[in-house]
Amino acid sequence: MDVISILELFGGVGLFLFGMSYMGQSLERLAGNGLEKILQTLTTSKNHAVGILKGFGLGLVVTGIIQSSSATTIMLIGFVSAGMMKVRQTVPVIFGANIGSCVTAQLLRLGDLGGGSVIIQLLKPSSFAPVMIFIGAMVSIKAKKNKPKNIAGILLGLGVLFTGMTLMEKVFGPLKESPEFQNLFTSFSNPFLGILIGFLLCALIQSSSAFVGILQALSATGSITCGIAIPMLIGQNLGKCITIILGSIGAGKKAKRVGLSYLLFNIIGSILLTIVLCILYYQVKPAFFDAVVNRGEIANLHMAFNIVTALILLPFSDRIADLTGKIMKDSDENVNEAELRILDNRLLSTPGIAINACKRVIDRMGEKILENYYLTVDLLIEFNEKTFQKLMDNESFIDEAETALSAYVIKIDRKRLTPDNKMVISEILNSISDFERIGDYCVNMAYVSRDMSEKKISFSPAGINELTSIMSATKKALDTTREAFHTDDEKLASKIEPLYDAIKEMRVVVQKHHIDRLQAGTCSVPAGVALFDLIQAMERIASHSRNISLHVVKRVRGDRTFDDMHGHAFDPEGEEYLSLQTYYLNKYLDPIKNASDLA
């Protein structure tokens, strides 16, 4: 092989790789977001086995279109990172993707068509590739809309791919008679050396389809036997994993698990086939190992490897997902799902137990809400992104719990409910939305804190004093509400309404004081806007706490006529109510007034 031949070989490889890449990109653009939406939405089913088969089929079809199992897997990594898919959903898709990547090799087998009629000659890539390039180029130049341009790109890419293949075959052709070349491939007779060569070359090219295409081009020399092709195909299935490993660097644990699933598929398949290969090579030594293979037979071997591996591993896709979790010390189930697992559908036929499960989840909601309120206070003192993210994680659980509880409670068997159970269900349904709204107001306060930090907004000493006082009163309302709901304590629940009235009065006083400071020039307008947002959120938290307390009162009293939306735990004009309200005003409002008087 002279210098010109080497340059032609490089050109052929370059054309082949470029054509494959350009064709895949054009196919992806033509499909738009359709492929992504399909992968996101159609990988699950009410029947778990059906979901696995759907995922497998989608992986096969999508990769058959874009001709890159690595690209499909990178896409899946992105979906898992964004929380749109679970690792367990991606495993069957990956198995199907490995088979879908074999389509290019099947197309390239057209080069095996021999002489004969003009029609058969026209079906050969060397004949129709120039026509495809011409049509693709003309349409691409003339077209103004994206769809015809993308279709032209597919034709152009496919034509360039086949042209590259033809050029490689032209270079390899004279090597048929070269003793040195024949001896080179004789050295690959050791299966482990063949696996290593296949691994290194595919890792370098980073495309299994391209590697198989080059191997198919080499088959034109008549030097590629079955005993050489099989080890190299095993090696390329390992080498193509390099792209996925690189794509997983810097990703989260779940994203890395997707890449690991892809790696395990090819490692397990390679190990199984290597064992079979070694038994055949060292024990049986079948005659077909020395048989020369052509493009079509290489394509079939490549596809057979992936089909057999997929059929063996598909029933164990969940186990492989679990294995990746153990290796990465991660779970496919997020923390929220684990905590909500207590809402078991098997409990629905035993209302008392199902209701207790609901109460436990609401208790957990209350813990998260109270924690978020404390985190909000911390953020107001000093904003911290880590604290903010912790608050948002808690809010995610609160939202999911509210949705899960609402759906679960209405499924409880009504025929088996006692009168008391019915009251509890009413209390739960009415309370969970109030708990969720309290969580929302905590988030609103956190965003105010972040905005203040970003814009360097600060309160005056008087504003800080007033905010601290109303925050303490709101914390008391939250603490008391959660305890009253948890213990079904009517006495505790009755204390919340007068506290809410005190907080309402505090809000009015704080707003008036701020306006006075604004007029005196001791406080800024942005600080005032932030202060008003915060105290409004705290009043709304107290209002929803009051609603929950009235639900508790109605349930404990067992009084179906009690208006827990507009009623009162006890007479708001009575001595006990006014005494409690006075106590709260003295404790929380008087310090504000006294500080203002001193100023």
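## Salt bridges and a nonpolar surface patch

Asp451 and Lys455 form a salt bridge, with their closest N and O atoms 3.4 Å apart. A salt bridge here is a side-chain nitrogen of Lys or Arg within 4 Å of a carboxyl oxygen of Asp or Glu. The structure is a predicted model, in which local features need pLDDT of at least 70 and side-chain atom pairs count only at pLDDT 80 or more, while totals for chains, interfaces and linings use all residues. Residues are numbered from 1 along each chain as its sequence is written, and side-chain values use heavy atoms, with hydrogens and water left out.

Side chains of opposite charge can pair when their charged atoms come close. By the rule above, the count is 19 salt bridges. Three of them are listed here.

| Pair | N to O distance |
|---|---|
| Asp451 and Lys455 | 3.4 Å |
| Arg364 and Glu367 | 2.5 Å |
| Asp318 and Arg88 | 3.6 Å |

Where do Asp451 and Lys455 lie? Both are in helix H21 (residues 419-455), 4 residues apart, which means about one helical turn separates them. Helices (H or I, at least four residues) and strands (E, at least two) are DSSP runs, numbered from the N terminus. Asp451 is partly exposed, with a relative accessible area of 29%, whereas Lys455 is exposed at 55%. Buried means under 20% relative accessible area, exposed means over 50%, and partly exposed lies in between (1.4 Å probe, protein chains only).

Arg364 is partly exposed at 28% relative accessibility, and Glu367 is partly exposed at 33%.

The side chains of Asp318 and Arg88 also meet in a salt bridge. Asp318 belongs to helix H17 (residues 317-328) and Arg88 to helix H5 (residues 87-100), so this pair ties together parts that are 230 residues apart in sequence. Arg88 is partly exposed, at 27% relative accessibility.

The surface also has a nonpolar patch, formed by Val131, Phe134, Ile135, Met138, Val139 and Ile141, with about 550 Å² of accessible area together. Patches are made of residues with over 30% relative accessible area and no salt bridge; like charges are joined within 9 Å, and nonpolar side chains (Val, Leu, Ile, Met, Phe, Trp, Tyr) within 5 Å. Accessible areas come from the Shrake-Rupley method with a 1.4 Å probe, and for residues only the protein chains shown count as cover. Val139 lies in helix H8 (residues 125-142) and is partly exposed, with a relative accessible area of 31%.
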